[in-house]
There are 2 protein chains.
Amino acid sequence: MNKIEFWFDFSSPYAYLASVQIEAVAARHARAVRWRPFLLGPAMKATGMQPLTHTPLRGDYARRDWARLARLLDVPFALPDPFPIAALAPGRAFYFVEEVRPDLSVPFARRVFRAYYSEGVDISAPEAVQKIAAELGLDAAAIANALGEERLKQKLRVAGDEALARGVFGSPFFIVDGEPFWGSDRIPMLENWLATGGW
Amino acid sequence: MNKIEFWFDFSSPYAYLASVQIEAVAARHARAVRWRPFLLGPAMKATGMQPLTHTPLRGDYARRDWARLARLLDVPFALPDPFPIAALAPGRAFYFVEEVRPDLSVPFARRVFRAYYSEGVDISAPEAVQKIAAELGLDAAAIANALGEERLKQKLRVAGDEALARGVFGSPFFIVDGEPFWGSDRIPMLENWLATGGW
């Protein structure tokens, strides 16, 4: 069966809140999840959006919404400073980890989210990303090298191009057997789709 | 107990999809619903949003999403033409019906939604609104008169001012005991809030 595609920007609180739910949903329906970090910036340019915290009214709602969703899901959450960030380092590192230790790519992504949203670590710093990788038993020097490689920079850019070409305009954004679901609040609907085969 | 405030723009497909759900949710928790039509335009200006169908990527998603949600809810839906519209006539008429026959204001609103989203009636036309009112047994001439009254125009404007002042930036938008919920996809969460008293 097709994997559930989970497109996300590490800088997105709603992606963090989705990241703690999606594997269990997939497992209930015998699916795997393909985690696809990308940078949301180009999609936001295409759709004329600004970061939520820079947007009147919507920003206030989002701050309240993130906090209450975290309480509902019983996961730690504190809006980090700086926020938002350009999540280049964790995105590139993710794709490197996926190459060298695919079994650790999801634990790495989860650890990055937790560091940013519950420990206030600035995950845009390569050193922070290297430290997280090292804690998982990965070779920090190899990660440091990889973060500077044009090949890996290109890999993250290509992921962003693919996202845009496939209509992925937000984070999180799921694709299930070709069907798009935008937003962490659509996970119950996504699960209904998995359970019923769609409607 | 406080009523559930249901803020909406008659031109919003997501509001139509919410309008067929919210009364049942409220009834399950012994609540009433206060329907509050307003014009979304000023809130969209404040947040820098464009109508969804005018927005790249998001527009394509929305068209697909409206249709599939209607199938899921088993309600008729066809994107009308023209769309979107400035829903002045139905908004003003709603507040007039609420004054003279409060028992008919919700049936009137539902009938307006159905006319627009399943019969393709241009509900921005005062004549269309008068016809719907007459079908409900209301005095079409009285509605026609009221639609031209400055007092009623002002009433709809004041509703929009109140919406903006209270952070209502989208449609549908619910407020339950002071707690805001934006979007038809948040109705299950709103119901959880009603059932549990919040979290």
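**Loops, strands and the contact between the chains**

Guide: Start with A30(B), which lies in the loop between α2 (22-28) and β2 of chain B. Keep in mind that this is a predicted model.

Visitor: Why is A30(B) called exposed?

Guide: Its relative accessibility is 61%. Exposed means over 50%. A30(B) therefore counts as exposed.

Visitor: What is the phi of A30(B)?

Guide: Phi of A30(B) is near 55°. That is a positive value in a residue other than glycine.

Visitor: What makes D74(B) exposed?

Guide: D74(B) has a relative accessible area of 70%. The cut-off is over 50%, so D74(B) is exposed. The residue sits in the loop between α4 and α5 of chain B. Its phi is positive too, near 60°, and D74(B) is not glycine.

Visitor: Why is D65(B) called buried?

Guide: The relative accessible area of D65(B) is 0%. Buried means under 20%. D65(B) is therefore buried. The residue is found in helix α4 (residues 58-73) of chain B.

Visitor: Which residues are in contact with D65(B), leaving aside its neighbours within four places in sequence?

Guide: R186(A) and Y14(B).

Visitor: How do you know that R186(B) and D65(A) form a salt bridge?

Guide: Their side chains meet at 2.7 Å, N to O. The limit is a Lys or Arg side-chain nitrogen within 4 Å of an Asp or Glu carboxyl oxygen. The pair therefore qualifies as a salt bridge. Between chain A and chain B the count is eight salt bridges. The count of residue pairs in polar contact is 16, both residues being at pLDDT 80 or more.

Visitor: Which elements of chain A supply at least two residues each to the side that touches chain B?

Guide: α3 (41-47), α4 (58-73), β4 (179-182) and α10 (187-196) of chain A. The largest share, eight residues, comes from α4(A). That side of chain A divides into 16 nonpolar, six polar and eight charged residues.

Visitor: How many residues does the contact take from chain A and from chain B?

Guide: It takes 30 residues from chain A and 30 residues from chain B. The area buried between the two chains is about 3,000 Å². Carbon and sulfur atoms give 59% of that area.

Visitor: Why is strand β2 (residues 33-37) of chain B called largely enclosed?

Guide: Four of its five residues are buried, so the rest of the structure largely encloses β2(B).

Visitor: What makes β1 (residues 4-8) of chain B and β2(B) a pair of strands?

Guide: Five bridges join them. Pairing needs at least two bridges, so these strands pair. They run parallel. I4(B) has V33(B) as its bridge partner in β2(B).

Visitor: How do you know that β3(A) and β4(A) pair?

Guide: DSSP must find at least two bridges. β3(A) and β4(A) have four, so they pair, in the antiparallel sense. Together they form a hairpin with two residues between them. D177(A) in the turn has a positive phi of about 50°. F174(A) has F181(A) as its bridge partner in β4(A).

Visitor: Which way do the side chains of strand β3 (residues 173-176) of chain A point?

Guide: F173(A) and I175(A) point one way, F174(A) and V176(A) the other way. All of them are buried. In general, side chains of a regular strand alternate between the two faces of the sheet. Strand β1 (residues 4-8) of chain A also pairs with β3(A), antiparallel, over three bridges. There, F6(A) has F174(A) as its bridge partner.

Visitor: What sort of peptide bond joins S171(B) and P172(B)?

Guide: A cis bond, with omega about 0°. P172(B) lies in the loop between α9 (150-165) and β3 (173-176) of chain B. The bond from F83(B) to P84(B) is also cis, with omega near -10°. P84(B) lies in the loop between α4 and α5 (88-100) of chain B.

Methods. Residues numbered from 1 in each chain as written. Chains lettered and ligands numbered in written order. Heavy atoms only, no water. Buried < 20%, exposed > 50% of the residue type's maximum accessible area, 1.4 Å probe, protein only. Contact = heavy atoms within 4.5 Å. Buried area = accessible area lost by both parts, 1.4 Å probe. Polar contact = N/O pair within 3.5 Å; in protein donor to acceptor, adjacent residues only side chain to side chain. Nonpolar A, V, L, I, M, F, W, Y, C, P; charged D, E, K, R; others polar.
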